[in-house]
Amino acid sequence: VGDAQITTVLQPDLCVVCDPAKLDDRGCIGAPDWVLEILSAGNSPREMREKYRVYEESGVREYWVVEPDRAAILPYVLEGGRFVGRAPMLKGDQASPAIFPGLVLDLDYVFAE
Amino acid sequence: MELSSEPIYTYADYLTWKFEEYVELFRGRVVRMSPAPARRHQEVSGRLHIELGNFFRKHPCWLYAAPFDVRFPRGGEVGDAQITTVLQPDLCVVCDPAKLDDRGCIGAPDWVLEILSAGNSPREMREKYQVYEESGVREYWVVEPDRAAILPYVLEGGRFVGRAPMLKGDQASPAIFPSLVLDLDYVFAE
């Protein structure tokens, strides 16, 4: 975990960390529990492929890919060390992360024009 | 009894319609499709058709491109007047010849591919996912030309399970036809 050994540093659009031991003054070291990436035109296929792998390998428990253009959220949940995709959540749905079922998001609001 | 302000149409009604535009029927409701798909949609759809076509000429399954009616019976009711869901997948593969007749397919194709374009509403995509999952489509690909991505969903124990997105630069294979390898650099070439 030395600074000179770490070769991957990402800046997720949103992330949630439940283990305070992962937090220091500079940010987070180790996998957040939940990562949300909101797509925009600048995201290349290569970038999205690499992020998916890094989040899966590092043990992010839930990963949401948010697509504003089609008002969709693609949830992936870690099961046995691999991401498993759940049904897309779309504008009009109430969306909850698998790992925080008490949180209910109103996607009409999130994706309102 | 469920009250509805909208009439419930069936495949028997659908057969009598002479619309200029393509329509689909979802649980008795008419859903209009966009007048003509976008150029990019047709480019990606056409390239997928070529790649799949080369594979399925030597494989005992049948490949169809839209417009092609797929009827989804519920509860074993296969009569025209009982069928309330008729969709036109962009591409589909059917391996059971008993599902094919002169009008199209009745029952779930084995593999369905939908290529997204601006005209697809969240409601439409939600309903298609549900119909394909419930009816037993074994693999469903949502193809996103804008971000050069394919989102594969594979039926496991009656539910779709999403696999890792396949992106431009990848070699992509469907889980149910592992010997088919698609070159996504070609499929998504600008």
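Does B:Thr10 count as buried or exposed, and at what relative accessibility? I began with this residue and noted that the model is a predicted one.

**Entry 1: B:Thr10**

I placed B:Thr10 in the segment that precedes helix 1 (11-14) of chain B. I then looked up the relative accessibility of B:Thr10, which is 12%, so the residue counts as buried. The cut-off behind this reading is that buried means under 20% relative accessible area. I found a polar atom of the B:Thr10 side chain 3.2 Å from the backbone nitrogen of B:Ala12. Setting aside neighbours within four places in sequence, I listed the contacts of B:Thr10 as B:Leu25, B:Asp80, B:Ala81, B:Ile83 and B:Thr84.

**Entry 2: B:Ile83**

I followed the contact list of B:Thr10 to B:Ile83. I located B:Ile83 in the loop between strand 4 (70-71) and strand 5 (86-87) of chain B. The relative accessibility of B:Ile83 is 0%, and therefore I recorded the residue as buried. Not counting residues up to four places away in sequence, B:Ile83 touches a set that includes B:Tyr9, B:Thr10, B:Tyr11 and B:Leu25.

**Entry 3: Salt bridges within chain B**

I found the side chains of B:Arg71 and B:Asp101 joined in a salt bridge, at 2.7 Å from N to O. This pair links distant parts of the chain, with B:Asp101 in strand 7 (residues 100-101) and B:Arg71 in strand 4, 30 residues apart. How do the two partners stand in accessibility? I read 34% for B:Asp101, so that residue counts as partly exposed. B:Arg71 has a relative accessible area of 1% and is buried.

I then turned to B:Arg74 and B:Glu134, which form a salt bridge with their closest N and O atoms 3.4 Å apart. This pair too links distant parts of the chain: B:Arg74 lies in the loop between strand 4 and strand 5 of chain B, and B:Glu134 lies in helix 3 (residues 122-135), 60 residues away. Over all chains, I noted a count of 28 salt bridges.

**Entry 4: Salt bridges between the chains**

How many salt bridges cross the interface of chain A and chain B? I recorded four. In one pair, B:Asp170 forms a salt bridge with A:Arg49, and the closest N and O atoms are 2.8 Å apart. I placed B:Asp170 in the loop between strand 13 (166-167) and strand 14 (171-172) of chain B, and A:Arg49 in helix 1 of chain A. Both B:Asp170 and A:Arg49 are buried.

I also looked up A:Glu67 and B:Arg147, whose side chains meet in a salt bridge at 2.8 Å, N to O. These two belong to a network of salt bridges that links A:Glu67, A:Arg70, B:Glu144 and B:Arg147.

**Entry 5: The interface of chain A and chain B**

I noted 21 residues from chain A and 21 residues from chain B in the contact. The two chains bury about 1,600 Å² between them, and 56% of this area is on carbon and sulfur atoms.

I counted nine residue pairs in polar contact between the chains, with both residues at pLDDT 80 or more. On the side of chain A that touches chain B, helix 1 (45-58), strand 5 (62-67), strand 6 (72-79) and strand 7 (82-85) of chain A each supply at least two residues. Helix 1 of chain A gives the most, with four residues. I sorted the residues of this side into 13 nonpolar, two polar and six charged.

**Entry 6: Chain B as a whole**

I recorded four helices and 15 strands in chain B. Its radius of gyration is 17 Å, close to the 16 Å that the globule rule gives for 190 residues, so chain B is as compact as a globular protein of that length. The C-alpha atoms fill a box of roughly 50 × 30 × 30 Å along the principal axes. Of the 190 residues in chain B, 50% are buried. Among contacts in chain B with a separation of 6 or more, 57% are between residues 24 or more positions apart.

How values were computed:
Residues are numbered from 1 along each chain as its sequence is written. Chains are lettered from A and ligands numbered from 1 in the order in which they are written. This is a predicted model: local features need pLDDT of at least 70, side-chain atom pairs count only at pLDDT 80 or more; totals for chains, interfaces and linings use all residues. Side-chain values use heavy atoms; hydrogens and water are left out. Contact means heavy atoms within 4.5 Å. Buried area is the accessible area (1.4 Å probe) that two parts lose on being put together, summed over both. A polar contact is a pair of N or O atoms within 3.5 Å; within protein, one must be able to donate a hydrogen and the other to accept it, and residues adjacent in sequence count only if both atoms are side-chain atoms. Ala, Val, Leu, Ile, Met, Phe, Trp, Tyr, Cys and Pro count as nonpolar, Asp, Glu, Lys and Arg as charged, and the others, Gly among them, as polar. The radius of gyration is taken over C-alpha atoms; the globule rule is 2.2 Å times the number of residues to the power 0.38. Buried means under 20% relative accessible area, exposed over 50%, partly exposed in between (1.4 Å probe, protein chains only).
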